Amino acid sequence: MSLIESTAWQALATHYKEQIAPLSLQQLFAGNESRFAQFSVEADGLLMDYSKHRITGETLKLLVRLIEERELGRWTDALFSGAPVNSSEGRPALHTALRAASDQGVEVNGQAVYPQVQASLGKMAGIVAKIHAGQWRGYSGKPITDIVNLGVGGSDLGPLMICHALEEFRHADAAGLNLHFVSSIDGSQLAERLGHLNQETTVFILSSKSFTTIDTLANAEAAKRWLAQKIDNEAVLLRQHFIGCSANPEKMSERGIPPQNQLLFWDWVGGRYSLWSVIGLPIALLLGMDGFRQLLRGAAAMDAHFRTAPPAANMPVLMALLGVWSSNFLGVKGHAVLPYDGRMRHFPGYLTQLEMESNGKSVDRDGNPIDYDTCPIIWGDVGPNAQHAFYQLLHQGTQPVSCDFLAPVLRYRISRSDGTQEQLQDQQVLTLANCLGQSRVLMLGDQALAEGDPRRGARNDQHYNGNQGSTTLLYPELTPYVLGQLVALYEHKVFVQAVIWHINPFDQWGVELGKVLAQDTFAAIKDCQQPFDDSSSQGLLAYIARVRG
Ligand code: F6P
């Protein structure tokens, strides 16, 4: 039976039409003084307020019935136990095993997972220790000062996001270590970086699950050419200046990465779920292994919460249900992620891959086209910056949208003797004020100000409708543990939604055809050919040929 014909879905559709559509958020709040108490949950230091969504207790009951009908419990057990939940590729998706605190007895193809994970982390710890101690030397014998991560998608976005967010937690032994991230295939980022680097003291991390991604391999070749300007011995160049992180040891060896510089993970970890593996090497270099393990601990705590909390108090489940409610019943096509924290500037970008590459699907697990919406467009930015950019559309545009607001309450990690600490605390109050103020305006529109308040605009173009749903996530401070919790929260949200929509969140066939076409087009540009039968491609190729001469 199709999802939309199911009893729970039909009940939700009727409930929306008869009870929710006529009601605004203003009315819902006016009619229930305890909405916050009813629709918020606090667990392990995180507070999630979802009262600003157009729901009632009945909505929640029906949404919970939906996940029961979709057998979320069975799917969750399958995910954690290593069943092949990535059905199109016939393999498990065991990112949760990467952060498990103890051996859960999970096996893949008869091989215990936990010892493999620990061994891989152990090898990574050895490399981290060597670089931190200044014992990893460049070709001329100098210690390493710069690490360049060459990777794209899941082999870039997670480590990039976390390293930016947690810079303040830099390990003392990483004091003189600069981390750089290079992803773009056109070489512009790399060229810009190389201009500031010294071959003697730079190590490249070649980060690619498949080790076949042309973007990363092209940058690696450019990096090798740059190193070869100074190093005429290729074996030395690779041994002293390249580390490979991949699930494909054969390909790493083919490219000359020596075994001792190969860090491994497995095809049962999805690329966009891999920051917990050796793909997290830049994170471990920044935070040290203790800091990296704090991140894992936070994620493991969220795993435990997800597995044990009842649906109505389960953050990832609630987040997923609210997303489904918004997309499939309220018509929301765009969801903004708005961290009120400059350190989290790459968090929305990271989530675009996690959510849209996972759940941007139009065919179900059985290969049938589906007749309901799946993942909305996810976008976002640092909240206060976005207020001066796209909030206009959130407040007065024509579309229903939903938002996640995220903020730490305290901000005193930078504690310098010059008084900077106090200033940050003051600015944090300003930041929180903006965060809470904006979500209130989104909810209530003009009515965020009292009737008769002269600051209310009188003209049509000053009118705010409100009635836009949002979730607010608050936490005491941003720490490695908390960031681990947050990332795992979104991972499980994505999983729950995929269960409801009956899609596979662990494959990404939609990116393959473009790669194939790029190969054909590459040959066409090189050889000045016209292999395509559409006038647009022909015109563009002709222009390129003309300009290239
Ligand atoms: O093309 C999409 C994709 O396969 C992502 O899923 C992945 O994170 C990215 O490319 C990079 O892949 P790899 O880590 O194999 O280089």
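Guide: A polar contact is a pair of N or O atoms within 3.5 Å; within protein, one of them must be able to donate a hydrogen and the other to accept it. The model before us is predicted.

Visitor: How many residue pairs are in polar contact between domain 1 and domain 2?

Guide: The domain assignment gives domain 1 as 3–69 + 309–501 and domain 2 as 96–285. Counting pairs with both residues at pLDDT 80 or more, the number between these two domains is ten.

Visitor: Which helix gives the most residues to the side of domain 1 that touches domain 2?

Guide: Helix H14 (347–359) and helix H18 (480–501) each supply at least two residues of that side. With eight residues, the helix that gives the most is H18.

Visitor: How far apart are the closest N and O atoms of Glu168 and Arg411?

Guide: Across the interface of domain 1 and domain 2 there are four salt bridges. A salt bridge requires a side-chain nitrogen of Lys or Arg within 4 Å of a carboxyl oxygen of Asp or Glu. Glu168 and Arg411 form a salt bridge, and their closest N and O atoms are apart by 3.0 Å.

Visitor: Which residue in E7 stands opposite Ile147?

Guide: An open sheet of five strands has the order E6-E5-E7-E8-E9, with parallel pairing. Within this sheet, strand E5 (residues 146–150) pairs with strand E7 (residues 202–207) over five bridges. Opposite Ile147, the residue in E7 is Val203.

Notes:
Residues numbered from 1 in each chain as written. Predicted model: local features only at pLDDT ≥ 70, side-chain atom pairs only at ≥ 80, totals over all residues. Heavy atoms only, no water. Pairing = 2+ DSSP bridges. Helix = DSSP H or I, 4+ residues; strand = E, 2+ residues; numbered from the N terminus. Domains from an automatic or database assignment. Polar contact = N/O pair within 3.5 Å; in protein donor to acceptor, adjacent residues only side chain to side chain.
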